[in-house]
Amino acid sequence: MSIRRLPVYLLLDCSSSMTGQPIEQVRQGIRALLDDLSTEPMAIETVYLSVVTFNSTAQQVILLTELMQFKEPQIQASGATALGAALRLLKDCLNKEVRKNTIDQKGDWKPLVFLMTDGMPTDSWEAAADDLKQQKIANIIAFAAGPGADVNNLKRITEIVLKSDELSPGALKAFFKWMSQSIVRTGKSVQVMAQETPIDLPPPPPQIQIVP
Amino acid sequence: MTPFNHPITLALSWKLGAKLSSADLALAQQQWPLIHTWLLQNDHLEKLVTVMSCAMTKAELNVLLSPQRSPHSEHYTEAFSRWIKLVHFVQQTKTNVAEVIIRQATQWVTQNLANSSENLEDVICSQIRKRLYLWNEHPDSEPRSKRQFLENWLTENANHLNRLLEEISKPLVSDELKMLFTDNMDSKKKRQATRFWEQLTQYLHTHLHPHLIDTVIQETAVYLERHLDFPKQNYPLRSENVESTAVTPVDSSPPMTLSKPRFPSPKWRWQPLPEGRDYHPEYAHHSLTLPAGCTLIAARVRGKKHKHEGTHCDDWFEIAHSGDWGIIAVADGAGSKLFSRIGARVACQTAINYLTEKLSTHKISPRTHWSADTFARDDSYRFKEPDLELTQQFLHEAMQIAYQAVAKAHLARDDSKYYYKALGNRDLELSDFASTLLLAIHTVVTFKDVHYSFVLTCQIGDGLTAALYQNKAEASVLSDLEKHGFGGETEFLTSSARKLERDYLSSKTYPFFGPMRVLMVMTDGVADDYFPPAQGMLRLWGDMVLNGILPEVTTTAAPLTEDQLNRLQGRKHEYMSLEERILEAGPHPTPVCSSTPYANLLNLSLEQLLASPWLLTAGVPADIKKNGLTYEERLQTWLDSYQVRGSFDDRTLVILFKNG
């Protein structure tokens with residue numbers, strides 16, 4: 001019997017505007033996320049993590065992996081912001097890796113996707129965004145890190161959009177911290193109502209606002 | 001001096017929980033009073049504790065604090081990750097440990113930073129914070145020149161780094177170590193310290209330093225070597241080649257066990273139920289005797305996640321006997337709703353009361369002929385036979401009345417400030433009482449001297465009801481199965497008024513008629529562990545027989561062949577494991593048997609085994625047979641003990657079975 005997993009996808013903008021401290025913050029954020037989650041017995045039993053990075057192209061740098069087997073990805077900042085490619089890749093990953101309920105197996109919990117971007121998309125992304133939003137195959141949380149990202153674009157992908165006014169290490173760190181709280185919280189109250197708001201998220205830290 | 005060799009280090013190793021041979025242990029115990037006296041003189045204890053604390057974190061901190069550090073190296077990354085893990089772990093017990101570390105380190109640097117005309121405390125504080133990744137705000141607001149101060153100072157004075165490292169290490173473990181080495185302490189504090197130390201070393205062993213205790217002992221030995229004022233005396237010679245059998249000492253302050261945990265995971269905790277209104281007992285079990293030689297047993301347990309978080313069990317069940325009928329109600333309050341347990345309880349109680357009243361004189365009419373046609377239903381799932389349709393109507397009315405009662409329970413609490421506050425300043429909504437509801441009623445019809453069970457079920461939301469045939473290893477699932485979508489998406493009694501309509505309820509109603517061995521009604525906490533149900537429900541039943549939860553199945557045939565008896569001989573551990581039942585006093589090892597490995601042991605398929613249930617009875621271990629518990633108590637214990645990865649929901653199971 002296969003276990004029910006909570007698949008978590010991190011979609012991280014690694015374009016050249018993230019160079020320097022921001023990308024270092026992302027690396028440390030991933031580590032801190034792993035450390036936080038590995039102190040939660042529930043997360044250890046259920047959370048599976050995957051990392052998709054995007055710059056001029058999109059790549060799944062870590063396949064969906066059990067938390068305790070997860071190896072930190074090597075990430076570098078360079079290039080453009082191919083959000084459309086990232087969204088299409090995400091959809092492929094979700095379809096390929098996430099188990100649905102069937103007559104013989106209990107499906108995974110509905111995946112959580114954390115999308116972080118600091119800039120404007122440089123490719124065609126609108127159709128992929130509409131597609132994802134309409135299909136409802138994951139609970140997507142988008143984070144506009146700093147003034148360069150357009151919250152309206154992100155709203156086209158998901159209803160849950162957060163933003164910070166600055167692309168500061170504090171905000172990125174806070175976002176990853178909040179991410180781990182959200183994962184733990186989702187893992188705990190996985191029973192959600194089909195018709196209602198998808199997930200119960202913790203309040204964001206002061207540097208981050210929810211975009212209504 | 002090598003660790004474990006010198007009598008002093010032997011004694012310390014023993015105190016720190018290392019496993020010693022019996023000869024070494026005797027030596028260690030003999031030396032301890034002397035060492036203890038010496039430690040308590042002057043500030044030896046203080047120093048020793050610092051050395052030991054330091055040994056636990058030195059490697060990481062050296063890398064992190066060193067002025068020569070290179071933040072992008074793999075080395076650095078690893079050290080950082082280990083340090084953060086350690087701090088997080090300690091923080092779970094000592095909440096403000098990061099702050100204490102910062103304060104202590106800053107204080108030390110400020111005091112020792114000579115020739116500083118400026119007030120640099122803030123800068124030092126934020127720089128240490130930054131180095132240790134304990135900061136929560138942007139740390140780079142200070143002028144560069146000031147930041148350079150700390151850096152230069154640490155570089156210029158090599159021993160400063162070591163001292164700083166000591167200051168930082170101390171708050172993590174020093175209190176606990178002190179307690180361990182000081183025999184005449186308040187026993188409560190000492191117990192806490194022992195517990196913390198035990199958890200910490202276990203954690204460090206699992207996650208960080210596999211040779212931690214060796215390192216600690218080594219460092220300690222070096223320290224002791226340097227302190228020459230330790231009284232010299234003639235130690236008895238240590239006998240070489242002593243057989244190194246680990247012995248558990250029976251001393252009043254025994255060492256902690258450092259055995260590795262079964263899973264490389266942090267421990268599941270047990271936390272009490274929250275204070276406040278709407279008390280909901282953590283456990284429940286109950287049994288009832290029914291007509292026609294049937295018995296109902298039921299139990300529910302608080303799931304591991306709720307124990308861990310100190311939140312309520314959201315499941316509820318009620319069972320009743322009325323007239324010819326056995327009545328079962330099971331409900332699972334939504335995990336995401338703070339007061340869903342009220343919905344679960346009110347729904348069960350209301351439905352049970354209603355059905356008890358309506359079924360007390362209700363009978364299934366005797367018939368000269370029973371067939372599939374008897375149970376024929378029309379396009380909207382109404383039974384064509386009036387007595388059966390009336391039964392279905394009662395069931396649906398019970399569902400509707402349960403919904404109304406939950407709505408009433410909502411209104412009764414609606415204007416209460418208590419709930420408004422508990423929900424973080426928002427009004428109570430009906431959906432806060434969201435719960436599933438599973439109803440099942442059972443009666444026995446005798447036809448041509450054969451007992452047939454008639455079961456009718458109705459269910460809103462997840463969970464499962466299944467009946468097992470008496471004469472064949474086959475389960476009849478009396479619930480809708482989730483066929484698409486993701487896990488955890490379910491509907492609730494309170495989801496919409498549409499649920500109240502008879503057409504909808506009829507589509508959720510399943511009948512069973514036939515010779516029946518057992519009827520099982522459960523929340524998804526159990527159903528998910530036995531998925532898919534067609535085969536899973538048989539395995540569930542097999543597990544219950546094997547765990548002594550159901551009466552023995554007897555047979556005139558010899559229960560086991562000689563070959564099978566031989567196979568079973570002394571191999572109980574292959575199908576019985578000791579699982580950690582999470583109780584208030586801590587994890588409690590509890591025997592749990594599984595039918596799949598048992599079938600393997602007998603060289604049978606699971607289906608073959610279940611078709612010969614007396615074989616299961618033969619496998620019930622004496623540990624369970626003789627534990628003096630009732631069936632329902634065993635059910636509760638088992639529900640609370642069996643382990644499935646990723647399964648930590650509340651578990652409720654109601655079983656109706658024929659005696660003998």
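This is a predicted model: local features need pLDDT of at least 70, side-chain atom pairs count only at pLDDT 80 or more; totals for chains, interfaces and linings use all residues.
Two strands are said to pair when DSSP finds at least two bridges between them.

Strand 1 of chain B runs antiparallel to strand 2 of chain B, and seven bridges join the two. One of the residue pairs here is B:Thr289 with its bridge partner B:Thr295 in strand 2 of chain B. How many residues lie between the two strands of this hairpin? Three residues separate strand 1 from strand 2 of chain B, and B:Ala292 in the turn has a positive phi of about 60°.

On to the next pairing. Strand 2 (residues 294–301) of chain B and strand 14 (residues 651–658) of chain B are joined over eight bridges, in the antiparallel sense. Within this pairing, B:Ala298 stands opposite B:Val654 in strand 14 of chain B, while B:Arg300 has B:Thr652 of strand 14 of chain B as its bridge partner. Is strand 2 of chain B mostly covered or mostly exposed? Seven of the eight residues of strand 2 of chain B are buried, so that the strand is mostly covered, a residue being buried if 20 or more other C-beta atoms lie within 10 Å of its own.

B:Leu610 lies in helix 20 (residues 606–611) of chain B. Why does B:Leu610 count as buried? B:Leu610 is buried because 24 other C-beta atoms lie within 10 Å. Leaving aside neighbours within four places in sequence, B:Leu610 is in contact with B:Ala473, B:Leu538 and B:Gly542. B:Leu610 and B:Ser595 are 15 residues apart in sequence, with their C-alpha atoms 8.8 Å apart in space.

Elsewhere in chain B, two helices meet. Helix 2 (residues 22–40) and helix 3 (residues 44–65) of chain B pack at an angle of about 100°, and their axes are 6 Å apart. These two helices of chain B are therefore roughly perpendicular to each other. On the helix 2 side, B:Trp38, B:Leu39 and B:Leu40 meet B:His44, B:Leu45 and B:Leu48 of helix 3 of chain B. By class, this contact has five nonpolar residues, one polar residue and no charged ones.

In soluble globular proteins, nonpolar side chains tend to be buried together. The largest nonpolar core here has 131 residues, and A:Leu11, A:Val52 and A:Ala86 are those with the most contacts inside it. Helix 3 of chain B supplies the largest share of this core, eleven residues. Not counting residues up to four places away in sequence, A:Ala86 touches A:Leu11, A:Val52, A:Phe54 and A:Ala58. A second, separate core of 102 residues includes B:Val301, B:Val346, B:Ala405 and B:Phe454.

Chain B has 23 helices and 14 strands, and 43% of its 660 residues count as buried. Chain A has six helices and eight strands, which follow the pattern β-α-α-β-β-α-β-α-β-α-β-α-β-β along the sequence. Of the 212 residues of chain A, 56% count as buried. Among contacts between residues at least 6 apart in sequence, 72% in chain B join residues at least 24 apart. For chain A, with contacts again taken between residues at least 6 apart, 74% join residues at least 24 apart.

Definitions and conventions:
Residues are numbered from 1 along each chain as its sequence is written. Chains are lettered from A and ligands numbered from 1 in the order in which they are written. Helices (H or I, at least four residues) and strands (E, at least two) are DSSP runs, numbered from the N terminus. A residue is buried if 20 or more other C-beta atoms lie within 10 Å of its own, exposed if 12 or fewer, and partly exposed in between; C-beta atoms are placed from the backbone. Two residues are in contact if their C-beta atoms, placed from the backbone, lie within 7 Å. Axes are lines fitted to C-alpha atoms, for helices over the stretch in contact, and angles run from 0 to 180 degrees between N-to-C directions. Angles under 35 degrees count as roughly parallel, over 145 as roughly antiparallel, 65 to 115 as roughly perpendicular and the rest as oblique. Ala, Val, Leu, Ile, Met, Phe, Trp, Tyr, Cys and Pro count as nonpolar, Asp, Glu, Lys and Arg as charged, and the others, Gly among them, as polar. A nonpolar core is a set of buried Ala, Val, Leu, Ile, Met, Phe, Trp, Tyr and Cys residues joined through C-beta atoms within 7 Å.
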